[in-house]
Amino acid sequence: MLTIESLTHLGMGRASDGRALLPRVLPGEEVDVAQDGTVRIVTPSVDRVTAPCRHFRSCGGCTMQHARDDFVSEWKQDIVVKALQARGLTPVLRPVATSPAQSRRRAKLSGQRTKKRAIVGFHAKASGTLVQVPDCQLLTPALLATLPALEALTVLACSRKGEIDLTVTETALGADVLVVTEKELTSQLRVELAALANQFGLSRLVWNDEPVVVINPPAQDFGSIAVVPPPGAFLQATKHGEATLLAAVDEITSTASRIIDLFAGCGTFTLPLAKRAEVRAMEGDAAMLDALDRSWREGHELRRVTTEARDLFRRPLETDDLRQFDAAVIDPPRAGAEAQIATLAASDIKTIAMVSCNPVTFARDAKTLVNAGFAMDWAQVVDQFRWSPHVEIVAPFTRK
Ligand SMILES: C[S@@+](CC[C@H](N)C(=O)[O-])C[C@H]1O[C@@H](n2cnc3c(N)ncnc32)[C@H](O)[C@@H]1O
């Protein structure tokens with residue numbers, strides 16, 4: 001018998017033998033591990049619950065449904081606390097904001113042909129087996145309602161042996177679907193895809209990187225401003241997560257009238273902030289900035305927004321360029337923003353709102369700012385990746 005001592009940052013249990021890393025266990029539990037690796041819980045934790053999703057046992061999509069919500073929040077907060085403590089940082093923590101069940105508005109599913117037709121779902125853990133998830137507790141009801149369309153699409157888009165990727169995003173006017181497949185797009189297939197998109201009320205259907213059918217604009221609503229992102233473009237995982245991050249960013253930059261939004265994407269923060277401040281949006285992907293710029297031009301009563309496509313890893317904004325701004329918003333990818341944070345630290349900018357999806361790079365970049373004289377007033381975990389090990393953080397940095 002083994003005792004689970006703690007969880008890794010990926011949610012695997014460290015067992016008392018110092019060797020085994022076991023899935024779907026909780027600290028304090030006593031477990032038996034059979035020869036074939038099956039784990040039997042002998043003494044369950046008080047934090048253990050019955051998974052709310054009937055697919056949890058077979059599906060690899062969620063990791064943490066066997067634990068109470070409070071336990072998962074505390075575990076994620078602890079990951080952030082430990083990453084910050086390792087850098088000597090101990091900010092006040094705001095309560096974790098967890099997105100509700102059935103609120104994930106974008107998903108990447110896989111499709112396979114079967115003898116009879118096709119199946120669409122998530123992979124079982126560390127396996128090529130696809131698990132169908134008609135009662136998934138993670139995805140929005142609108143996304144679940146697209147499963148029949150995705151199955152029909154798999155019949156058209158997938159060869160007998162292969163597998164296809166299906167990225168589906170909820171929009172107000174039907175699902176926005178991106179299919180990545182090796183199959184060739186013929187003119188006959190175009191006709192069939194158009195009929196399928198009409199039949200199932202999709203807003204847009206993109207084949208690899210080519211939009212083959214656009215029935216309605218697949219718009220997202222960023223603070224009541226409609227934006228049509230390019231296919232597959234980054235989007236905050238839930239509406240709740242996006243609103244929580246935006247409220248924090250808005251609060252942190254509330255007195256600024258000139259804001260620089262770094263790693264701006266399609267304008268999740270830029271466009272709502274432009275209701276009260278001039279904003280310059282910098283981002284590596286020119287197509288995302290084109291979408292942002294189009295929305296700003298069509299928007300009403302927005303302050304000036306300018307954009308620049310730029311690789312901020314290789315060519316971060318220099319301290320002189322930053323002089324014209326009162327505040328910066330920075331929301332880099334997982335690698336963080338080492339080079340850009342270094343010039344922000346050396347600049348005389350007063351306020352920074354930092355959003356991050358990686359506690360380790362967040363703590364590294366936060367330390368650079370604190371060493372340069374910024375105070376980290378608080379930090380908040382925004383759990384828009386419910387039941388997964390992903391962590392999102394937002395925090396203000398103000399010059400002392
Ligand atoms: C976490 S997303 C945030 C986007 C946006 N702030 C939002 O909330 O929708 C990170 C963004 O950084 C962009 N990006 C990634 N690497 C980059 C680089 N080297 N230079 C500039 N932008 C980059 C991505 O295209 C993506 O839009």
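Predicted model: local features only at pLDDT ≥ 70, side-chain atom pairs only at ≥ 80, totals over all residues.

Which elements are included in what covers the buried residues of α7? The covering includes β15 (225-227), α6 (270-273), β17 (278-283) and β18 (305-309).

Helix α7 runs over residues 286-298 and has 13 residues. From its first C-alpha to its last, α7 reaches 18 Å, which is close to the 18 Å expected at 1.5 Å a residue. The buried residues in α7 are Met-288, Leu-289, Ala-291, Leu-292, Asp-293, Ser-295 and Trp-296. At the start of the helix, the backbone nitrogen of Ala-287 has a side-chain oxygen of Asp-285 within 2.9 Å.

I turn now to the empty space inside the model. Rolling a probe the size of a water molecule over the atoms shows where such space is left. How many cavities of 30 Å³ or more does the structure hold? There are five.

The largest cavity has a volume of about 90 Å³. Among the residues that line it are Cys-53, Cys-59, Cys-62 and Cys-136, together with Phe-56 and Phe-122. His-55, Gly-61, Gln-65 and Gln-137 also belong to this lining. By class, the lining of the largest cavity has eight nonpolar and four polar residues, and no charged ones.

The second largest cavity holds about 50 Å³ of space. Its lining consists of Asp-69, Val-72, Ser-73, Thr-98, Asp-383, Arg-386 and Trp-387.

Finally, I would like to consider two loop positions. Ser-347 lies in the loop between α9 (338-346) and β20 (351-356). Is Ser-347 buried or exposed? Ser-347 counts as buried because its relative accessibility is 7%, and the cut-off for buried is under 20%. Leaving aside residues up to four places away in sequence, Ser-347 touches Thr-319, Leu-322 and Arg-399. Its side chain also reaches the backbone oxygen of Leu-344, at 2.7 Å. Leu-147, 200 residues from Ser-347 in sequence, is 50 Å from it in space, C-alpha to C-alpha.

The other position is Ala-34, in the loop between β4 (30-33) and β5 (39-43). With a relative accessibility of 39%, Ala-34 counts as partly exposed. Between the C-alpha atoms of Ala-34 and Ala-97 the separation is 38 Å, and the two are 63 residues apart along the chain.

Thank you for your attention.

Note on methods. Residues numbered from 1 in each chain as written. Heavy atoms only, no water. 1 Å grid on protein atoms, 1.4 Å probe; cavity = no way out; pocket = protein on both sides within 12 Å on 5 of 7 lines; lining within 4 Å. Points joined across faces, edges and corners; volume = space filled by probe spheres on them. Nonpolar A, V, L, I, M, F, W, Y, C, P; charged D, E, K, R; others polar. Helix = DSSP H or I, 4+ residues; strand = E, 2+ residues; numbered from the N terminus. Expected span 1.5 Å × (residues − 1). Buried < 20%, exposed > 50% of the residue type's maximum accessible area, 1.4 Å probe, protein only. Contact = heavy atoms within 4.5 Å. Polar contact = N/O pair within 3.5 Å; in protein donor to acceptor, adjacent residues only side chain to side chain.
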